[in-house]
There are 2 protein chains.
Amino acid sequence: MSGLAIGIDLGGTELRAALIGPDGTLRARRQTATDAKGGPQAVIAQMLALIAGLGTDGVQGIGIAAPGPLDPIAGICIAPPTLEGWRDVPLAALLAERTGLPTRLENDANAAALGEHRAGAGRGLAHLVYVTISTGIGGGVIEQHRLLHGRRGMAAEIGHMTLVADGPPCVCGGRGCWEALASGPALAQAAAQAIAGGAPTALRLPVTARDVAEAARSGDALALDLLRREARWLGLGFANLLHLYSPEAIIAGGGLSAALAMMLPEILATLHSAAMPAYHGAQVLPAALGPDAGLVGAACLILDHQDTP
Amino acid sequence: MSGLAIGIDLGGTELRAALIGPDGTLRARRQTATDAKGGPQAVIAQMLALIAGLGTDGVQGIGIAAPGPLDPIAGICIAPPTLEGWRDVPLAALLAERTGLPTRLENDANAAALGEHRAGAGRGLAHLVYVTISTGIGGGVIEQHRLLHGRRGMAAEIGHMTLVADGPPCVCGGRGCWEALASGPALAQAAAQAIAGGAPTALRLPVTARDVAEAARSGDALALDLLRREARWLGLGFANLLHLYSPEAIIAGGGLSAALAMMLPEILATLHSAAMPAYHGAQVLPAALGPDAGLVGAACLILDHQDTP
């Protein structure tokens, strides 16, 4: 099925749109700062302007990647925390009405999984798990070339699986979630505690996960130690993902994945000790599309005729 | 699609076969003690005798539920631990050759999930997770009315997700797996430790999970306490399953599920504290088909034309 689609990635900071070819390549792109305080009508007007700039000749439809929670079946943004005044906004229907084009909505991590599957590190794989490790940990699962959705499209909330019963509190209200142990802020917090505790290091407060990765690259002993700890949490979480979804590959994206190569030996060692041997053949790969994964994946909602869940 | 199928449930102790109607009901059944020491040829001869007893008029094919590890794509039993001399046996092909009927193979927990979906507690649900809590913890996931398979059909090895990093050792070689915390033997071991430690109770050594459930029914304080602990582990594992697969229902089978009603309040309390509110609408239900779930599900491999993974 050839044809073009427009992919839109609605973030709290940036609003991006691109014309995507049937092979998942970007033909043209537009972006602007999201009017996050302007409410849905202002942002929809921004989307229409970007779409007009791209043109709609040969375009089969529009796919939108947006922050959750959202309902991909009904095409409704439920309550995106980074967008003011968005509450149960039927975004897909509103945009379809204004453009006359079929419009589909998907959460951003699922869209990124689709993008990496179509045109990134997961090309050709029937089964993969995409993991984004950043301020939070999110993900999307491809099973037999399709998104795993579950009830209300809420499957693959992988950051909130418990890895340590009664562990540290998580933003979700639970305890010991993978996100609470291995997200960027969790790494930064571990670094801050070590620095405050007087560990010898070139790191200074305030400290971010990116600072830790950079110091590790320069050979800072504390930073290397912190990255080993991070790698163990990632390896343990990845082992769970293998047992639960049996992907051919785990594809790691998000800010912290920039340090993936440094962490990979420890990640794989943990994975191989925690996962049963039959799962050791699965790969751990860096994401290939960077911030474009969601944009490409959004277009795939149209190009691949992915079923509504 | 109407028609009949034969379901076979190959266990280490019992070999059972049934003629199953298009609605998933059992029309006739046969069973025998598995010749577990006789090797594959002896057991295949037993299967042929059971099939002959049932008759094959109007039968579209044969589905077999067997213990893992197995390859449902190739129809091969890889190394079932309860069957002597079984190593890479192409069971589906061998039975198809001898009967002239299409034959499909699936692991027993996945088959039970299919059975409960077709004719049991999960009838009509697009998304469900079947959990069997017994000597081990296993399961199967239905997504959009189909089995979740993953690479080599190995998805949904739910008993081996880590719930307690560096927790108690598990038979799989890992640590802190759900199975190591919440299986029947884990409950029995906790009971044995408490009895040996002198806790006041009517329970005596040696003790089984079933003993604990029975003592709890009689109001034994230690047994009630142990079941509350068991319920918390189950609730925590169920919360993970909700976040990961977003089923409409978790369906609990296996020996320990006989005590599900007693444990349900504590299971739900744990679930609601560990799972995000959007997931609270999912139900926890007792399995309806008991030991027939695998038999019915095996037939569904034929009746539902479930894709090979």
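This is a predicted model: local features need pLDDT of at least 70, side-chain atom pairs count only at pLDDT 80 or more; totals for chains, interfaces and linings use all residues.
Biologist: How do you know how far to trust chain A, and what pLDDT does it average?

Modeller: pLDDT is the predictor's confidence in each residue, from 0 to 100. Chain A averages 95, and 98% of the residues score at least 70. For the model as a whole, ipTM is 0.95 and pTM is 0.95.

Biologist: Into which domains is chain A divided?

Modeller: Domain 1 takes 4-114 + 291-303, and domain 2 takes 124-287. Over C-alpha atoms, the centres of domain 1 of chain A and domain 2 of chain A are 27 Å apart. Their contact uses 9 residues from domain 1 of chain A and 14 residues from domain 2 of chain A. Helix H3 (residues 108-119) of chain A brings the largest share of the domain 1 side, 5 residues. By class, the domain 1 side of that contact has 7 nonpolar, 1 polar and 1 charged.

Biologist: Now the sheet in chain A. In what order do the strands of this open sheet run?

Modeller: The order of the 5 strands is E10-E9-E8-E11-E12, with mixed pairing.

Biologist: What makes strand E10 (146-147) and strand E12 (283-286) of chain A stand at the edges?

Modeller: Each of E10 and E12 of chain A has a single partner strand, so one side of each is left without a neighbour in the sheet.

Biologist: How do you know that strand E8 (residues 128-133) and strand E9 (residues 137-143) of chain A pair, and how many bridges join them?

Modeller: Strands pair if DSSP finds at least two bridges between them. E8 and E9 of chain A have 6 and run antiparallel, so they meet that cut-off. A hairpin of 3 residues joins E8(A) to E9(A). Across this pair, A:Leu128 stands opposite A:Ile142, and A:Tyr130 is opposite A:Gly140. E8(A) also pairs with strand E11 (residues 249-253) of chain A, in the parallel sense over 5 bridges. There, A:Tyr130 stands opposite A:Ile251.

Biologist: Why is E8(A) called largely enclosed by the rest of the structure?

Modeller: Because 6 of the 6 residues of E8(A) are buried. Both faces are covered, with A:Leu128, A:Tyr130 and A:Thr132 buried on one side and A:Val129, A:Val131 and A:Ile133 buried on the other. In a regular strand the side chains alternate between the two faces of the sheet.

Biologist: What makes A:Ala156 count as buried?

Modeller: The cut-off is 20 or more other C-beta atoms within 10 Å. A:Ala156 has 29 C-beta neighbours inside 10 Å, so it counts as buried. It sits in the loop between E10 and helix H4 (178-182) of chain A, and its phi is near 65°, a positive value in a residue other than glycine.

Biologist: And why is B:Gln144 called partly exposed?

Modeller: A residue is exposed at 12 or fewer other C-beta atoms and buried at 20 or more, with partly exposed in between. B:Gln144 has 14 within 10 Å, so it is partly exposed. Its phi is also positive, about 55°, although it is not a glycine. B:Gln144 lies in the loop between E9 and E10 of chain B.

Biologist: One last item: what is omega for the peptide bond from A:Leu205 to A:Pro206?

Modeller: Omega is near -10°, and the bond is cis. A:Pro206 is in the loop between helix H5 (184-196) and helix H6 (209-217) of chain A. In chain B, a cis peptide bond joins B:Leu205 and B:Pro206, with omega about -10°.

Note on methods
Residues are numbered from 1 along each chain as its sequence is written. Chains are lettered from A and ligands numbered from 1 in the order in which they are written. Domain bounds come from an automatic or database domain assignment. Two residues are in contact if their C-beta atoms, placed from the backbone, lie within 7 Å. Helices (H or I, at least four residues) and strands (E, at least two) are DSSP runs, numbered from the N terminus. Ala, Val, Leu, Ile, Met, Phe, Trp, Tyr, Cys and Pro count as nonpolar, Asp, Glu, Lys and Arg as charged, and the others, Gly among them, as polar.
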